[in-house]
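Here are some friendly notes to read with the model open beside you. Take the points in order, and find each residue as you go.

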Amino acid sequence: MAAFAQAQTEPTAVADGALFGAWRNLQTETGHVPAQRNLAFAMLPQAATRGDRFAVLDREGRRTVCCLQVASPSLGVNVLREQYHLPAVWVADLGNVHSAARPYLPHVYAMQRVDELVDYTFADVPGAYSDLGGLLLPEGAAVDSTGTRVRWGEAQYLLTFQRLPQSDEEGALDRYTLQPVPAGPPLRVEVPFGTY
C-alpha cells in the first residue's frame with residue numbers, strides 16, 4: 001500500500017495528448033453513518049487538475065457518456081479510509097495493488113458526475129459492470145457501433161476488453177487495451193473489482 005502513494009514516471013495510458021484511465025463507483029463501508037453511495041473515483045496514469053473532465057465507456061451500451069469531472073486533489077490511502085470511509089479492499093482496488101503487472105501506479109481522484117452522466121442509466125445486460133466502473137476516456141472521445149474502435153479528434157484506437165479473475169479469486173480485473181491506428185505502442189488500463 002505504501003507504493004500506492006507514489007507516482008510512476010512513465011505512464012502507459014497516455015498518447016498524443018489523450019489521457020485514458022479507470023474509474024470506480026463505490027460506497028462507504030458497511031455500518032458507517034451516514035452511508036454514502038455512488039461515490040465516483042478516477043485512477044489516472046498522471047496528475048490531473050480540479051475541473052478536468054472525462055467521458056466514461058458504457059461497454060455494454062457501446063457508447064461513451066460525458067462526464068466525470070475531477071473534484072479533489074490527488075487522494076492517498078489515509079484520506080480514502082478516513083474521509084471517504086471506504087473498505088480496505090476498495091482502497092486496494094483504487095491503487096490496483098492486486099496486479100503485479102499493473103500498467104501504471106494510479107493517481108486517485110474523487111469525481112463528480114456532470115452533464116449527461118448525472119441521470120444516465122447504463123445498459124442493463126446480465127453480468128454487466130459498466131455502472132460500477134470501467135474505462136475513462138478524454139472528453140469528446142466516442143466509440144463506434146461495435147464498441148471496438150475509439151475516436152478522439154484525429155486519433156483512432158482499436159479497443160479490446162478482457163475480464164480476468166484476480167489472483168486471490170476475490171473479484172475480477174477488467175483490462176482494456178487501446179491499440180493506436182495505424183501504429184504505435186498499445187495503451188493498457190486495468191480496473192479491479194475486489195469482493196467486499
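1. Arg53 and Asp115 meet in a salt bridge, with N and O 2.3 Å apart; the term asks for a side-chain nitrogen of Lys or Arg within 4 Å of a carboxyl oxygen of Asp or Glu. This pair ties together distant parts of the chain, since Arg53 sits in strand β5 (residues 53-58) and Asp115 in the loop between β7 and β8 (133-138), 62 residues apart. Helices (H or I, at least four residues) and strands (E, at least two) are DSSP runs, numbered from the N terminus.

2. A word on what you are looking at. This is a predicted model, where local features need pLDDT of at least 70 and side-chain atom pairs count only at pLDDT 80 or more, while totals for chains, interfaces and linings use all residues. Residues are numbered from 1 along each chain as its sequence is written, and side-chain values use heavy atoms, with hydrogens and water left out.

3. Buried means under 20% relative accessible area, exposed over 50%, and partly exposed in between (1.4 Å probe, protein chains only).

4. The whole structure holds nine salt bridges. One of them joins Glu60 to Arg59 (3.3 Å, N to O); here Glu60 counts as buried because its relative accessibility is 19%, whereas Arg59, at 27%, is partly exposed.

5. Another salt bridge brings Arg175 and Glu190 together, the closest N and O atoms being 2.8 Å apart. Arg175 lies in strand β12 (residues 171-181) and Glu190 in strand β13 (residues 187-194), 15 residues apart. Both Arg175 and Glu190 are buried. Elsewhere, salt bridges with shared partners join Arg53, Asp115 and Glu139 into one network.

6. Now for the strands. Six of them form a closed barrel in the order β3-β4-β7-β6-β5-β8, with antiparallel pairing; two strands pair if DSSP finds at least two bridges between them. From one strand to the next, the twist averages 45°. Strands β6 (residues 63-70) and β7 (residues 107-113) run antiparallel and are joined by three bridges.

7. Helix α2 (residues 88-95) deserves a look. The helix lies across β3 (21-26), β4 (39-44) and β7, at about 165° to β3; axes are lines fitted to C-alpha atoms, for helices over the stretch in contact, and angles run from 0 to 180 degrees between N-to-C directions. Just past α2, Asn96 has a positive phi of about 50°.

8. Finally, the nonpolar interior. A nonpolar core is a set of buried Ala, Val, Leu, Ile, Met, Phe, Trp, Tyr and Cys residues joined through side-chain atoms within 4.5 Å. The largest one has 33 residues, of which Phe20, Phe41, Leu80, Leu86 and Val150 touch the most other members. Strand β13 gives the largest share, four residues. Apart from this core lies another, of 17 residues, among them Ala40, Ala48, Val65 and Phe122.

Technical notes
Contact = heavy atoms within 4.5 Å.
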